[in-house]
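Subject: Structure for your review

Dear colleague,

Please find below the structure that I am handing over to you. My findings follow directly after it.

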Amino acid sequence: MKLLRFILGLVVPPLGVFLTVGVGPTLLINVLLTLLGWLPGSIHAIWVIAKYEEKLDRGGEIY
């Protein structure tokens, strides 16, 4: 599932973020960045997914 989220984060950034954190301010930010251009949305999506996975690995609280 992790790999799928990263691939979707590159191809369709809002979908990757939605599958990772659900509906919330992070998704809204990603949608706005994607509307500005595919590259900013993808960079943000990969960053969000990576941070989420990092928190999971540490056992920390998630969003």
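Of the 63 residues in the protein, 33% are buried, where buried means under 20% relative accessible area, exposed over 50%, and partly exposed in between (1.4 Å probe, protein chains only). Please note that this is a predicted model, in which local features need pLDDT of at least 70 and side-chain atom pairs count only at pLDDT 80 or more, while totals for chains, interfaces and linings use all residues. Residues are numbered from 1 along each chain as its sequence is written, and side-chain values use heavy atoms, with hydrogens and water left out.

Overall fold

The protein contains 4 helices and 0 strands, and its elements follow the order α-α-α-α from the N terminus. The radius of gyration is 11 Å, close to the 11 Å that the globule rule gives for 63 residues, so the protein is as compact as a globular protein of that length. That radius is taken over C-alpha atoms, and the globule rule is 2.2 Å times the number of residues to the power 0.38. Helices (H or I, at least four residues) and strands (E, at least two) are DSSP runs, numbered from the N terminus.

The C-alpha trace spans about 35 × 20 × 15 Å along its principal axes. Among the contacts with a separation of 6 or more, 47% are between residues 24 or more positions apart; a contact means heavy atoms within 4.5 Å.

Surface

The accessible surface comes to about 4100 Å², and 74% of that surface belongs to carbon and sulfur atoms. Such areas come from the Shrake-Rupley method with a 1.4 Å probe, and for residues only the protein chains shown count as cover.

A nonpolar patch of about 1000 Å² is made by M1, L3, L4, I7, L10, V11, V12, L15, F18, L19 and V23. Patches are made of residues with over 30% relative accessible area and no salt bridge, with like charges joined within 9 Å and nonpolar side chains (Val, Leu, Ile, Met, Phe, Trp, Tyr) within 5 Å. Helices α1 (2–11) and α2 (13–21) each supply at least two residues of the patch, and α1 gives the most, with 5 residues.

Salt bridges

The structure holds 2 salt bridges, each being a side-chain nitrogen of Lys or Arg within 4 Å of a carboxyl oxygen of Asp or Glu. In one of them, the side chains of R5 and E53 meet at 2.1 Å, N to O. This pair links distant parts of the chain, with R5 in helix α1 and E53 in helix α4, 48 residues apart. Both R5 and E53 are buried.

The side chains of E54 and K51 also meet in a salt bridge, at 3.8 Å, N to O. These two residues both lie in helix α4, 3 residues apart, about one turn of the helix. E54 counts as partly exposed because its relative accessibility is 31%, and K51 counts as partly exposed at 34%.

Individual residues

H44 lies in helix α4 (residues 38–58) and counts as buried because its relative accessibility is 14%. Apart from neighbours within four places in sequence, H44 is in contact with T26, I29, N30 and L33.

V31 lies in helix α3 (residues 25–36) and counts as partly exposed at 32% relative accessibility. V31 and R58 are 27 residues apart in sequence and 28 Å apart in space, C-alpha to C-alpha.

Yours sincerely
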